[in-house]
Amino acid sequence: MVPTITEAMEVWEPHFQRIAQMHVDAWAEWKAVRRFRLENGFGPILYKREITNYIFGAIARNAIPEFGSIDDVNVLAGSQTFKIHHRGQLLRFKKGNLNSLGMNIPTQSVLDFIQADAELSGMPPETAKLEVTWRGNELFTELESVHIVARDGNKLVWKIPVDLNVNASLVLLPTRVADEPEDDIRALVRPKPKKNTEVGKD
């Protein structure tokens, strides 16, 4: 199903700054890596999809622990992608086309997500499906826009711009080789902090 703009804003507007920050930080990370490559004589990046894949990974590294720490938010982290579920609405993160629609290889799971009336396996049938999409500038050197998007197939239903007026977190490249991190998305999913349920004594 497709929620109205009002319904989507009620759920996601409190998280707009989080969404902006994770995209700005992902691009800052990529720009630092690109600068490191140039300064150290690595060969050029030949295909934009290499950059797209890197930025998606950086967004995931930022989004999963950030949203995963919120009590009523569920992070659905898989081996190839991740989604955020909150109050009956499901977000996925994609590079957007000129209409801000997420760009896809049309697998069955993708078709189930982008068709408004299609149900997702393992999710309640009333789950509303939305995309967070980003676009770079023409030279692919700067983040240009981020939108929350409702779609029905290849048709744009509505989109909400996310204000990107946030400062990038400091990105420092290592000066030594660190231990190889575990290549497992599950390592990003941290237990939610336990609430203090003790009742004070009189």
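Trainee: Let's begin with charges. How many salt bridges does a search of the whole structure find?
Mentor: Keep in mind that this is a predicted model. Searching the whole structure for salt bridges gives a total of five.

Trainee: Take the one that E29 makes. Which residue does the side chain of E29 meet, and at what N to O distance?
Mentor: Look at helix α2 for E29, then go to helix α3 for its partner, 32 residues apart in the chain. The side chains form a salt bridge there, and the partner is R61, with N to O at 2.5 Å.

Trainee: Is E29 buried or exposed?
Mentor: Under 20% relative accessible area counts as buried. E29 has 18%, so E29 is buried. For E29, then, the word you want is buried.

Trainee: Now over to the strands. Which residue forms a salt bridge with R92?
Mentor: R92 sits in strand β3, and its partner is in strand β4, so the pair ties together parts that are 39 residues apart in sequence. The closest N and O atoms are 2.5 Å apart, and the partner is E131.

Trainee: What about R151: which residue does it pair with in a salt bridge?
Mentor: R151 belongs to strand β5, which covers residues 143–152, and its partner lies in strand β4, 20 residues apart. The closest N and O atoms of this pair are 3.0 Å apart, and the partner is E131.

Trainee: Which residues do salt bridges with shared partners join into one network?
Mentor: E131 forms a salt bridge with R92, and E131 also forms one with R151. R92 is buried at 6% relative accessible area, E131 is buried at 1%, and R151 counts as buried at 5%. The shared partners make one network of R92, E131 and R151.

Trainee: Let's turn to helix α3. How far apart are its end C-alpha atoms?
Mentor: Helix α3 runs over residues 48–68, which makes 21 residues. At 1.5 Å a residue the helix should span 30 Å, and the model agrees, because the end C-alpha atoms are apart by 30 Å.

Trainee: Which strands are included in what covers the buried residues of α3?
Mentor: The buried residues of α3 include I51, I55, I59, A63 and F67. Helices take part in covering them, namely α1 (5–12) and α2 (16–39). The strands included are β1 (73–77), β2 (82–86), β3 (89–95) and β4 (128–136).

Trainee: How much space lies in the second largest cavity?
Mentor: Its lining includes A118, E119, L120 and K129. By class, that lining has five nonpolar, one polar and two charged residues. The space in this second largest cavity is about 30 Å³.

Note on methods. Residues are numbered from 1 along each chain as its sequence is written. This is a predicted model: local features need pLDDT of at least 70, side-chain atom pairs count only at pLDDT 80 or more; totals for chains, interfaces and linings use all residues. Side-chain values use heavy atoms; hydrogens and water are left out. Helices (H or I, at least four residues) and strands (E, at least two) are DSSP runs, numbered from the N terminus. The expected span of a helix is 1.5 Å times one less than its number of residues. Buried means under 20% relative accessible area, exposed over 50%, partly exposed in between (1.4 Å probe, protein chains only). Contact means heavy atoms within 4.5 Å. On a 1 Å grid over the protein atoms alone, a cavity is a set of points where a 1.4 Å probe fits but cannot get out, and a pocket is an open set with protein on both sides within 12 Å along at least five of seven lines; lining residues have an atom within 4 Å of a point. Grid points are joined across faces, edges and corners, and a volume is the space filled by probe spheres set on the points. Ala, Val, Leu, Ile, Met, Phe, Trp, Tyr, Cys and Pro count as nonpolar, Asp, Glu, Lys and Arg as charged, and the others, Gly among them, as polar. A salt bridge is a side-chain nitrogen of Lys or Arg within 4 Å of a carboxyl oxygen of Asp or Glu.
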